[in-house]
Amino acid sequence: MSVNDAIADMLTRIRNAVAAGQDTVVMPASRMKTAIAKIMKDEGFIKDYELVRGGVRRTLKIYLRYTDGKEPTIKGVQRVSKPGLRIYVRDSEIPRVYGGIGIAILSTTKGLMTGQEARRNSLGGEVICYVW
């Protein structure tokens, strides 16, 4: 299946899996998706992720995280910069997501990082998505 926006597809799969209460979600892997999953793990939104090498294609398996009351730690995800409309910001314009509860994931010259890291390093870039 051909997908125009692989990042939007990843975020939609995560959103749907959280809504269905699933423990894992599987998708085709890429470097960008793996980097996003690493950031989400470091920030505590998911338990873990792994690259599964099965056959010709690699897949990315994300283990979702829930609280003791079965509440998901991911309340929402939103794609910001799209293939048809790229959104770039300076370090002083990096948005705060829900007053600091959520994170903005940016693509900078130093790689993918959270908005807070980018602000600390005085880097701007393309706003990929918000996670809260």
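I looked up Lys41 and read a relative accessibility of 34%, which counts as partly exposed. My classes are buried for under 20% relative accessible area, exposed for over 50%, and partly exposed in between, with a 1.4 Å probe and protein chains only.

The model is predicted, so I note the limits: local features need pLDDT of at least 70, side-chain atom pairs count only at pLDDT 80 or more, and totals for chains, interfaces and linings use all residues. Residues are numbered from 1 along each chain as its sequence is written, and side-chain values use heavy atoms, with hydrogens and water left out.

**Entry 1: salt bridges**

I searched for salt bridges, meaning a side-chain nitrogen of Lys or Arg within 4 Å of a carboxyl oxygen of Asp or Glu. The structure holds 7 of these salt bridges.

Lys41 has Asp48 as a partner, with 3.2 Å between the closest N and O atoms. Asp48 is partly exposed, at 31% relative accessible area.

Next I took Asp42 and Lys38. Their salt bridge has its closest N and O atoms 3.0 Å apart. Both residues sit in helix 2 (residues 31–42), 4 residues apart, so about one helical turn separates them. For elements I use DSSP runs numbered from the N terminus: helices are H or I with at least four residues, strands are E with at least two. Asp42 is exposed at 53%, whereas Lys38 is partly exposed at 42%.

Then Arg86 and Glu126. Their side chains meet in a salt bridge at 3.0 Å, N to O. Arg86 lies in the loop between strand 4 (77–79) and strand 5 (88–89), and Glu126 lies in strand 8 (residues 125–131), so the pair ties together parts that are 40 residues apart in sequence. Which of its ends is buried and which partly exposed? I find Arg86 partly exposed, with a relative accessible area of 41%. Glu126 is buried, at 10%.

**Entry 2: aromatic pair**

I searched the whole structure for aromatic pairs and got 1. The partners are Tyr98 and Trp132, in a tilted arrangement with 5.0 Å centre to centre and 45° between the planes. Tyr98 lies in the loop between strand 5 and strand 6, and Trp132 in the segment after strand 8, so this pair ties together parts that are 34 residues apart in sequence. My criterion was rings of Phe, Tyr and Trp (its six-membered ring) with centres within 6.5 Å; planes under 30 degrees apart count as stacked, over 60 as edge-to-face, the rest as tilted.

Tyr98 is exposed, with a relative accessible area of 53%. I also checked its distance to Tyr88.

**Entry 3: strand pairing**

I count two strands as paired if DSSP finds at least two bridges between them. Strand 3 (residues 57–64) pairs with strand 1 (residues 24–28) in the antiparallel sense, over 5 bridges. Within strand 3, Thr59 stands opposite Pro28.

Strand 3 also pairs with strand 2 (residues 46–54), again antiparallel, over 8 bridges. Here Arg58 in strand 3 is the bridge partner of Arg53. Strand 2 and strand 3 make a hairpin with 2 residues between them. Gly55 in the turn has a positive phi of about 75°.

**Entry 4: Asp5**

Asp5 is found in the segment before helix 1 (6–20). Is Asp5 buried or exposed? I read 15% relative accessibility, so Asp5 counts as buried. I then listed its contacts (heavy atoms within 4.5 Å). Leaving aside neighbours within four places in sequence, Asp5 touches Arg79 and Pro83. Arg31 is 26 residues from Asp5 along the chain, and their C-alpha atoms are separated by 14 Å.

**Entry 5: whole protein**

I count 3 helices and 8 strands. From the N terminus on, the order is α-β-α-β-β-β-β-β-β-α-β. The radius of gyration is 15 Å, close to the 14 Å that the globule rule gives for 132 residues, so the protein is as compact as a globular protein of that length. I took that radius over C-alpha atoms; the rule is 2.2 Å times the number of residues to the power 0.38.

The C-alpha atoms fill a box of roughly 40 × 40 × 25 Å along the principal axes. Of the 132 residues, 40% count as buried. Among contacts between residues at least 6 apart in sequence, 60% join residues at least 24 apart. The protein exposes about 7800 Å², with carbon and sulfur atoms supplying 48% of it. I used the Shrake-Rupley method with a 1.4 Å probe for accessible areas; for residues, only the protein chains shown count as cover.
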